[in-house]
Amino acid sequence: MKKDFLYVLVQFGLFVLYFFSWSLYPIDLPEWIGYLGLVLLAGGIIVILFGILNLNENLSPFPSPKENAELIQNGIYKYIRHPIYSGILLAMTGFALFNSSLEKIVITVLMAVVFYYKSDYEEKLLIKKYAPYEQYRKLTGRFFPKKPE
C-alpha cells in the first residue's frame, strides 16, 4: 500500500506543478499547433470520461484494485488497458501545445513515465487478482490501441 500512496503523491505533485507552472520558457509554435492542442485536449477529456464511466464503482486513484472490484474488459477497456492515463496524457499534451509551454510538455513527459511505472505495478496486482488479465494484456494496448495481428 505504500507504493500506492507514493504513486498518487508523485502524480498529484506533477499535476500541481503542471497547473501552477508559469511559462518561463514559452516556445514559438505555429498557430495550427495550438488548434491541434485543443483537439488533443478535447479528445483526452472524452477518453477520460469513457474510462471513468466504464470503471464505475471500480474507480480508484490507487493502483491496487479495490477489494470487491471486477475486471472490466468492455467499452473503451476493450481497446486500451489504461484509458484514463491515456486521456490525461492526451489532455496534458494538448493543453501544453495550446499554451506553447515547454515546462508543461516536460511535466507531461514526466507524467507519462510515472503512468508507465504505475500501470506496470498495477498490472502485476491485477494478474494476481484476475486469472484472465494476462490474456487481456496480450490483446490490448497499455495506453493506445494495439494493431490487430
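Predicted model: local features only at pLDDT ≥ 70, side-chain atom pairs only at ≥ 80, totals over all residues.

Colleague: Fine. How much space lies in the largest pocket?

Modeller: About 550 Å³. A pocket here, on a 1 Å grid over the protein atoms alone, is an open set of points where a 1.4 Å probe fits, with protein on both sides within 12 Å along at least five of seven lines. The volume is the space filled by probe spheres set on the points, which are joined across faces, edges and corners.

Colleague: And which residues are the closest to its centre?

Modeller: Leu55, Asn58, Ser60, Tyr77 and Glu122, out of 28 residues that line the pocket. Lining residues have an atom within 4 Å of a point.

Colleague: Which elements give two or more residues to that lining?

Modeller: Those are α2 (31-55), α3 (83-98), α4 (102-129) and α5 (133-139). The helices are DSSP runs (H or I, at least four residues), numbered from the N terminus.

Colleague: What's the lining like by class?

Modeller: There are 18 nonpolar residues, five polar and five charged. Nonpolar covers Ala, Val, Leu, Ile, Met, Phe, Trp, Tyr, Cys and Pro; charged covers Asp, Glu, Lys and Arg; the others, Gly among them, are polar.

Colleague: New topic. How many salt bridges does a search of the whole structure find?

Modeller: Four, counting a side-chain nitrogen of Lys or Arg within 4 Å of a carboxyl oxygen of Asp or Glu. One of them joins Arg81 and Glu123, with the closest N and O atoms 2.6 Å apart. Arg81 is in the loop between α2 and α3 while Glu123 is in helix α4, so this pair ties together parts 42 residues apart in sequence.

Colleague: Are Arg81 and Glu123 buried or exposed?

Modeller: Both are buried, meaning under 20% relative accessible area; exposed is over 50%, and partly exposed is in between (1.4 Å probe, protein chains only). For Glu123 the value is 0%.

Colleague: What else does Glu123 form a salt bridge with?

Modeller: Arg137, at 3.7 Å between the closest N and O atoms. That pair links distant parts of the chain, helix α4 and helix α5, 14 residues apart. Arg137 is partly exposed, at 26% relative accessible area. Put together, Arg81, Glu123 and Arg137 are linked in a network of salt bridges.

Colleague: And which residue pairs with Lys124?

Modeller: Asp120, with the closest N and O atoms 3.5 Å apart.

Colleague: OK, the core. Which residues touch the most other members of the largest nonpolar core?

Modeller: Tyr77, Ile88, Met92, Met111 and Phe115, in a core of 28 residues. Such a core is a set of buried Ala, Val, Leu, Ile, Met, Phe, Trp, Tyr and Cys residues joined through side-chain atoms within 4.5 Å. At least two residues come from each of α1 (2-20), α2, α3, α4 and α5, and α4 gives the most, with seven.

Colleague: What is Met92 in contact with?

Modeller: Leaving aside neighbours within four places in sequence, Met92 contacts Phe15, Tyr18, Ile107, Thr108 and Met111. Contact means heavy atoms within 4.5 Å.

Colleague: Which non-glycine residues have a positive phi?

Modeller: Asn56 has one of about 50°, and Ser100 also has one of about 50°. Asn56 sits in the loop between α2 and α3 and is exposed at 52% relative accessible area. Ser100 is in the loop between α3 and α4 and is buried at 17%.

Colleague: Last one: where is Pro61, and what does it touch?

Modeller: Pro61 is in the loop between α2 and α3, partly exposed at 49% relative accessibility. Not counting residues up to four places away in sequence, Pro61 touches Val8 and Lys118. Pro61 and Val10 are 51 residues apart in sequence and 12 Å apart in space, C-alpha to C-alpha.

How values were computed:
Residues numbered from 1 in each chain as written. Heavy atoms only, no water.
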